[in-house]
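User: I'm new to reading protein structures. Could you walk me through how to read a helix and a contact between chains?

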Amino acid sequence: MNQEDASQEPLETRLANFQNRFEALRSAIQKAVIGQDETVRLTLMAMVAGGHVLLEGVPGLGKTLLVKSIAAALHLRFQRVQFTPDLMPSDVLGTTLLVDDGLGHHHFRFEPGPVFANVLLGDEINRATPKTQSALLEAMQEGHVTVGGETRPLLQPFFVLATQNPLEMEGTYPLPEAQMDRFFFQIIVPYPTEEEFSRILELTTAGTKPEIQAVMTGQELLEMRALAASLPATETIRKRAVRLVMATHPDSPYATPEIKRYVRYGASPRAGQACLAAAKISAALAGRFHVSSQDLLSVAIPVLRHRMIMNFEAQADALNADRILQGLLAACEAAWGKEAE
Amino acid sequence: MLLGLTVGLAGLLVVGVAGTLTQTAVLAVSLLIPILWIASCLVILAFTLRKPSDSEVAKRADRVIGLQDDLLSLSEYPDDIPSREWREAAWKHTSQAVAARKLVWTIGFPRRNVILLGAAVTLSLAGLLVMMGQWNRIAGQKAEMAAKQAERAEAAEEILEDWEQFVETTEDQELKKVFAEAAALREALNQEDPMAAMLAINQMEAKLSSLQESLAAQSMSSQAAGIAEALEAFEGMGALSAALRNQNFESAAAEAEKLEKELSKAGESKMRRKEALAEMLANESQTAIARGNSSLSDVLSKLSDTAKRNSQKGSVSNKELQPCVGDLCEQLTKESTMKARGRMAAIGKSQLDALRSRLRGEECETPPSLCQSKGASPGGQQAGKGTDGQPLGEQTELAQAGQSEKVTGLLGEGESEVTVSSANSGTAAAAGGPTKADISEYFDLSQKAVADEAIPLAHRRTIRTYFERIRPVAETQIP
């Protein structure tokens, strides 16, 4: 079924297909990734929305496995870059080589780097220098890279999945705010539960590897993205998304007392875009034909947590962005509920 | 609404501050307060009655129905072509969601009606429970009242049977006539009308009171002491006089009868206080006639005349004295009968009192029986079988306190005076009294000895310790 045929189907059918594909993808990934339901769900949501994900978690929680599984389930090209302090931008983007054609002529040939893939895993991204980290900026935001004065488009869909380790901060280069802002979600990978841990051991020590079937093509993923993006958001929802993002700024009239006290800088407008895009996917996954306030609230924390810069007082009081955002979401929910009274 | 309240409260605050600042502001305050209050109320009213926007209505409807911004989104979807498809699908989806919630019942049967119905059912059940409780309580009360009524009837029956038995056995016609009313009283009690029973009891009590009053008017009890003192002057009338002084008319009558027999023999009886005797008897005669007891007055008058006639002689012949004593015996017998009759009336009244208390549901002591008290009446078939109210007999009179006697005479050389006291003439005192006094005295002596005489220090301590140890508890407070 091509794209034109698909657009002629009833909207209910397309939305049902959207849900089914997402569920199939999730089930395929979770054959290899035990537990981590919310991590998988959020990662896939970001991927459908066309965003990039920053996974944060201690080593051994299956971050790399998750990315590999996604690539396998989508039948997409996968590249992995292990970020180290001596990694150069050209190691990521590619480089131009002087090539002899055997006739005595020399010409430059572009050797593409690992960024030319559908799914790029940037492992331990905070271990590379800011120069190398910045090399990803254009790729992540614009979908193309410029090397040797020539702009080269990336494959579509293009999805960067970076990981970083909250431990061992010595010798690392924390991601600059501008680069953090380019990540659609920051997902905290939790430690598996006891039951999940047991299943992981059972699965990984039996000598067999789960075989992941490709359940979706890149084209289908792009169709899902288009369908979710076409889901309209009403004016009230847009205003609420705006106020939610503006409330993360300490000088905003919507800011909570905690935000005024502990936050140095709030989220950028790109956070609002991400919030609404993710809310649309959440609504589509719920089978709704409109975005609700609950959709906004459900995706707000992974969208906003890495876009807020906490001040020194927050660090002194051992407060993180999640805790501040929980208070903000409760305040928003109460305020929106009052509007209906 | 909050805006209106805020305006009102702010106005009141401003007014309060202004009022505390100047006296002239008081007048302005008194005008400003109602104006601000009315204004704030109008603001609230306007805010409440204003027409809500479509968006507000949609938000409220979503909240009431429990939808996730479905109606709000429908009301705000733009009219462009791409959105139309979504709006139609959203409308269909919302319709299904609303239908699934079965809102027909919610709209047709509002929550208020559900609450009212629930409250009505709850109140009805509560009322039913209370009524059932009341019914049980009333039934219990009725049963209790019936039991008490039966108990009272039984108690009344006991009294009435006592009366009937008394009527059958007594020889006193007047008492028989009074207590024959038992049948009428039973009839009143059997009506189960408390008022009728009370009325019958009151009537019966009035009769008994009337009887007691007539007996009291004729009684010679108030004159018994005076008559006894006068009769004591006649030789041989000591026992009669003593019985009269003790108000024991039955015994007095017996003594008089015995004396009358003795006076039938020829002889003379001496009289003491010759001059005063006739006057004393005449005075008692006057008192008796003043009280309306002419027969007693006649007897006393005769005795007075007899004493007066023989005052010079100092004695009176038995032949002359015998008819007077015979008349006196008759009076005493009559008085004795009246006393018994009065006692029966009193017992009857106490029985009626007890009966009244029981009818009122009050606790009371068991009243005495008429039949058991008949032994006090003179004669009768039950004489000697009952008690006169003192079943244990007369109270034993202990010996009177000893009297001091003073013997004056010669004992050896010179005049001496000896006082002899009987054993029981001493005043009662606690056993420890003399001991305390003695110890106190000894204590003083020892203090004095310790102070005056050269007693070694160690010995002084020993003496002090000794007296402290033997000192009674009360004495320790003596410095």
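**Reading helices and a chain contact**

Analyst: Happy to! Keep in mind that this is a predicted model. Let's begin with α13 of chain B: B:F249, B:A252, B:A253, B:E255, B:A256, B:L259, B:E260 and B:L263 are buried there.

User: Why do the buried residues of α13(B) line one face of the helix?

Analyst: First, the general idea: an α-helix has 3.6 residues a turn, so residues three or four places apart point the same way. Here, looking down the axis of α13(B), the buried residues fall within an arc of 165°, so they line one face. Among the elements covering these buried residues are α12 (238-245) and α16 (318-359) of chain B.

User: How many residues does helix α15 of chain B have, and what span is expected?

Analyst: Helix α15 (residues 294-309) of chain B has 16 residues, and at 1.5 Å a residue 22 Å is expected. From first C-alpha to last, α15 of chain B reaches 22 Å, close to that value.

User: Which residues of α15(B) are buried, and which are exposed on the other side?

Analyst: B:L296, B:V299, B:L300, B:L303, B:S304, B:T306 and B:A307 are buried. They fall within an arc of 160° seen down the axis, so they line one face of α15(B). On the other side, B:S294 and B:R309 are exposed.

User: And how many residues of chain A are in contact with chain B?

Analyst: On chain A there are 16, in contact with 19 residues of chain B. In chain A, α2 (11-29), α10 (235-246) and α13 (293-304) each supply at least two residues of the touching side. That side of chain A has five nonpolar, seven polar and four charged residues.

Technical notes: Residues numbered from 1 in each chain as written. Chains lettered and ligands numbered in written order. Predicted model: local features only at pLDDT ≥ 70, side-chain atom pairs only at ≥ 80, totals over all residues. Contact = placed C-beta atoms within 7 Å. Helix = DSSP H or I, 4+ residues; strand = E, 2+ residues; numbered from the N terminus. Nonpolar A, V, L, I, M, F, W, Y, C, P; charged D, E, K, R; others polar. Buried ≥ 20, exposed ≤ 12 C-beta atoms within 10 Å, placed from the backbone. Arc of directions from axis to C-beta. Expected span 1.5 Å × (residues − 1).
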